[in-house]
Amino acid sequence: MTNLKTTFRSARDNGYLLCSDCEKLHYLHQEGQHCDRCGAHLHSRIANSMSLSWACLIASMLLFLPANLLPIMTFKTFGQGEPNTIIGGVLHLLEQDMLMIGLVVLIASIVVPVLKMIALTILLCTVQFGLQTNLRQKTMMFRVVEWIGRWSMLDIFVIGILVALVQLGSIAHIEGNHGATAFAIVVLLTMFSAIAFDTRLIWDNGTSDLPADSTDHKDDS
Amino acid sequence: MQGTLTHLIACHECDLLIERVANQPDQDVICPRCHARLYYTTLNSIERLLALSLAGLILFIPANLFPILSLRVFGQSQSEIILQSALSLYEGGLIVVALLILLFAVVVPLIQLIALFYISFTLHYRWEGRLLRQAMHSYQHLRGWGMLEIFLLGVLISIIKLKDIADLEIGLGLYSLAALIVVITLSSIFFNPHQIWHQIDLHRKQSRSHD
Ligand SMILES: [Zn+2]
Ligand SMILES: [Zn+2]
C-alpha cells in the first residue's frame, strides 16, 4: 500500500471541509456556500445528524411492535383462512419443513431489523457520550448495517408478489394487511436513521492522537 | 500540514486529512484510520457504463412487460408483472406498501439507469451536458434504494411457498429481471464517483474554452 502522509487530525480541525456529494475539498469558511464543482450545499458534518438519526431510530423501534403484532397477510382457500403475522408466517414455513426459506424470512424480517436497531443505538450512544473505544470496528459495523438493512424489505416484496399472483376468487385468495404497512415503515425509518447518521462524528471525539496501530497498518492490504 | 487543496484529500467516513498520492490502476487508496476506500481507478469506466446502462434500459422493458410468474389452479390462471404487485396492494388498501414497491422495484432503478446513460453518453461523446450535475446527484443519492435483487429473492421465496399448492410457470420477465440485476450490479461496480466528477470538471473546462 502507498505510504499516506497524515497528521491524524480531521479535515475540519485543519480548516478544511469535504463536499459530501463529489468529495472535493474546500476551506472551512466556505461552509454554507455551494460546491463549485457539483453545486451541493457545503457542510462539514450532516446538519442535525444526531437528532434526526435518533428520531428515526426511536420511531422505528416504536413501530416495530405493531409491525410484529398486526397481521401482515391473509391466505384464504375456499373462504377459509386466518390472518398471519410475520412470526406466524415463519412458524408456518417451519411446520411445513421449509426450513431454509423459513430461516431466510426470519433473518430478513426479524434478525436484521433488530440487529440494525441495536447497532444504530450503539453508534448513536458512542457519539452522544463521547466513547472512544473500537472506533474502527464501529465504522465497519455501520457499513455492514447500512448495506444489509435493505434486505428487510424481503417480506414486503413476497407479500406484493403473492397478493398479485393468488387472486383466484373463492378458490384461493391472498390479501395484504396493515401490519405490512407498519413493517415497511419500520424498514424505511431505519434506512433514514442510517442516512442521517454522520460516521465522521464517531471520530470527532478526541481522536486527534495517533491510533496505536497506525504504523503497522500502513503496509498491509 | 502544508499543501494546496488539490494535494489534499479528506476521508468521507472519518474526515481524516490526508495528502493525496498517485495510485496505480490496480491500487486502492485506503484511509489509514478507518479503512474506508478513499479513491481508486476504474479503467474504461465511462465506456463500460455506457454499454451497461444501454443494456439495462433495453432489459428494463421485457422485465416489466412480460410476466415474471404465472400460476394455474383448476383451469384458472393468473400472471404477475412487477407493476401488478403494486397495483394489487393499492387496490387492497395498502397504499404505502404499494407505493414503496413501485418506488424500489420500478421507479428508482429506471431513474438510475436513465441518469447513468445520460452521464456516460454525455461524457463519452463530449456533449454539452447541462444536466450532468443533476444526473450525478440523482444517481448517487438513489444508491441503495433500488431493490430489484431483493424483489428477485422474493420471487424465489414465493415460488417455493406456492409450488405445492399450484402449477407455476416461470415467465420471460423473470429471466429479463435476472439479467437486469446483473447489469445494474456491474454498473454500480464500475461507477467510480471520484473519477467521474473529475471528468465532469475537465469536461466543463473544455466546453468553456470552446466558447
Ligand atoms: Zn461537490
Ligand atoms: Zn477514514
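Visitor: Hi! Are A:C22 and A:C35 buried or exposed?

Guide: Hello! In this predicted model, A:C22 is buried, and A:C35 is buried too.

Visitor: Which atoms hold the zinc ion (ligand 1)?

Guide: The protein donors are the SG atoms of A:C19, A:C22, A:C35 and A:C38, and they lie 2.2 to 2.4 Å from the zinc ion (ligand 1).

Visitor: Why is the arrangement around the zinc ion (ligand 1) tetrahedral?

Guide: Because the 4 donor atoms subtend angles of 101 to 117°. To count as tetrahedral, four donors need all angles between 85 and 135 degrees.

Visitor: OK, what about the zinc ion (ligand 2), which residues coordinate it?

Guide: That one is coordinated by B:C11, B:C14, B:C31 and B:C34, each through SG, at 2.2 to 2.4 Å. The site of the zinc ion (ligand 2) is tetrahedral, with angles of 103 to 114° among its 4 donor atoms. Its donors follow the spacing C-x2-C-x16-C-x2-C.

Visitor: Which parts of chain B do B:C11 and B:C31 tie together?

Guide: B:C11 lies in the loop between β1 (8-10) and β2 (16-19), while B:C31 lies in the loop between β3 (29-30) and β4 (37-39), so the pair ties together parts that are 20 residues apart in sequence. B:C11 counts as buried because its relative accessibility is 0%. B:C31 is buried as well, with a relative accessible area of 0%.

Visitor: Switching topic: how many residues does the contact take from chain B and chain A?

Guide: There are 73 residues from chain B and 74 residues from chain A in the contact. The area buried between the chains is about 6800 Å², and carbon and sulfur atoms give 69% of that.

Visitor: How many salt bridges are there across that interface?

Guide: The rule finds 4 salt bridges across the interface of chain B and chain A. In one salt bridge, the side chains of A:R143 and B:E13 meet at 2.9 Å, N to O. The largest share of the side of chain B that touches chain A comes from helix α5 (residues 148-162) of chain B, with 11 residues.

Visitor: What does A:R45 form a salt bridge with?

Guide: One partner is B:D15, with the closest N and O atoms 2.8 Å apart. This pair crosses between chains, from the loop between β3 and α1 of chain A to the loop between β1 and β2 of chain B. Another partner is A:D204, where the closest N and O atoms are 2.7 Å apart. A:D204 is in helix α7 (residues 200-204) of chain A, 159 residues from A:R45.

Visitor: Is A:R45 buried or exposed?

Guide: A:R45 is buried, with a relative accessible area of 7%. B:D15 is buried too, at 1%, whereas A:D204 is partly exposed at 26%.

Definitions and conventions
Residues are numbered from 1 along each chain as its sequence is written. Chains are lettered from A and ligands numbered from 1 in the order in which they are written. This is a predicted model: local features need pLDDT of at least 70, side-chain atom pairs count only at pLDDT 80 or more; totals for chains, interfaces and linings use all residues. Side-chain values use heavy atoms; hydrogens and water are left out. Donors are N, O and S atoms within 2.8 Å of the metal (3.2 Å for Na, K and Ca); water is not among the atoms, so sites may look incomplete. Four donors count as tetrahedral if all angles lie between 85 and 135 degrees; four count as square planar and six as octahedral if opposite donors are over 155 degrees apart and all others between 65 and 115; anything else is irregular. Buried means under 20% relative accessible area, exposed over 50%, partly exposed in between (1.4 Å probe, protein chains only). Contact means heavy atoms within 4.5 Å. Buried area is the accessible area (1.4 Å probe) that two parts lose on being put together, summed over both. Helices (H or I, at least four residues) and strands (E, at least two) are DSSP runs, numbered from the N terminus.
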